[in-house]
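Student: Hey, can we go through this structure together? I'd like to talk about the pockets and then one of the helices.

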Amino acid sequence: MLEYLPGTTLPVTREAPEDAFASLSPIFAVSGGGLLLSQVTEMTGLGASTIQNWVKRGWVSSPVNKRYSEVQVSRILLINLLRPAMRLEKIVRLLRYLNGSVDSREDDIIPEPKLYSLLCAMLFELSDCDKITHESIVTLIESRLEGYEGPVPDAAERLKTALSIMLMNMAAAMLMQQAEAIFERAVPAG
């Protein structure tokens, strides 16, 4: 089981496995219209300059009145949780493949808060598996997206492809972390 909500420094709550982004709702409720950069950095463990750089590069839309909306925060969380598994440019390319421009919601296949929750739910499920294979990932995606109909004809296929890429990369990153831990325990330094 995961200890932290993926892409954050926040401990997992009971609601997190099925709707990770909803577990952040209380934070948005008390913030009054979005989160300040300092709140986003505290939530993610990212430096302010990193987030500002992502905004400058067009990977995250600009905050309004110095506040980051739920959509912007979910995009930051998605990028942050995928960083150990993929290069930043590929993460952003994959998110554009799904949802087009960061400044427009009309071209979205899936709202980014929902994408974040879906990806987290699958990660929670995979973290309990003894053996992760491409087939198990595809089966998990198929079951989670059963009945999904997106706003464009190829939306379901694009979403399945993107989730497969994300989850395979994250599974590889988890295996690398496990290998590193075994190495550090087993191989003496020096």
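Student: How much space lies in the second largest pocket?

Tutor: About 200 Å³. Keep in mind that this is a predicted model.

Student: OK, and which residues lie nearest the centre of that second largest pocket?

Tutor: Leu126, Ser127, Ile132, Met174 and Gln178 do, out of 12 residues that line the second largest pocket.

Student: Which helix gives the most to that lining?

Tutor: H8, with 4 residues. H6 is also there, as H6 and H8 each supply at least two residues of the lining.

Student: How do the lining residues of the second largest pocket divide into nonpolar, polar and charged?

Tutor: You get 8 nonpolar, 2 polar and 2 charged.

Student: Now the largest pocket. How much space is in there?

Tutor: About 420 Å³. The largest pocket has 17 lining residues, and those nearest its centre are Leu2, Leu81, Met170, Met174 and Gln177.

Student: Which elements give two or more residues to that lining?

Tutor: Helix H4, residues 70-82, and H8. H8 gives the most to the lining of the largest pocket, with 5 residues.

Student: And what's the split by residue type for the largest pocket?

Tutor: Its lining has 11 nonpolar residues, 5 polar and 1 charged.

Student: Switching topic: which residues are buried in helix H7?

Tutor: In H7, which runs over residues 134-144, Ile137, Leu140 and Ile141 are buried. Looking down the axis of H7, you'd see its buried residues fall within an arc of 95°, so they line one face of the helix.

Student: What about the face of H7 turned away from the buried side, which exposed residues does that carry?

Tutor: Glu135 and Thr139 are the exposed residues there.

Student: And what covers the buried residues of H7?

Tutor: The cover includes helix H6 (112-127) and helix H8 (155-186).

Student: Last one, Val71. Where is its place?

Tutor: Val71 is in helix H4.

Student: Why does Val71 count as partly exposed?

Tutor: Its relative accessible area is 25%. Buried means under 20% and exposed means over 50%, so a value in between is called partly exposed.

Student: What does Val71 touch, leaving aside its neighbours within four places in sequence?

Tutor: Val71 is in contact with Arg105, Glu112 and Pro113.

Student: And how far apart are the C-alpha atoms of Val71 and Asp154?

Tutor: They're separated by 23 Å, and the two residues are 83 residues apart along the chain.

Definitions and conventions:
Residues numbered from 1 in each chain as written. Predicted model: local features only at pLDDT ≥ 70, side-chain atom pairs only at ≥ 80, totals over all residues. Heavy atoms only, no water. Buried < 20%, exposed > 50% of the residue type's maximum accessible area, 1.4 Å probe, protein only. Arc of directions from axis to C-beta. Contact = heavy atoms within 4.5 Å. 1 Å grid on protein atoms, 1.4 Å probe; cavity = no way out; pocket = protein on both sides within 12 Å on 5 of 7 lines; lining within 4 Å. Points joined across faces, edges and corners; volume = space filled by probe spheres on them. Nonpolar A, V, L, I, M, F, W, Y, C, P; charged D, E, K, R; others polar.
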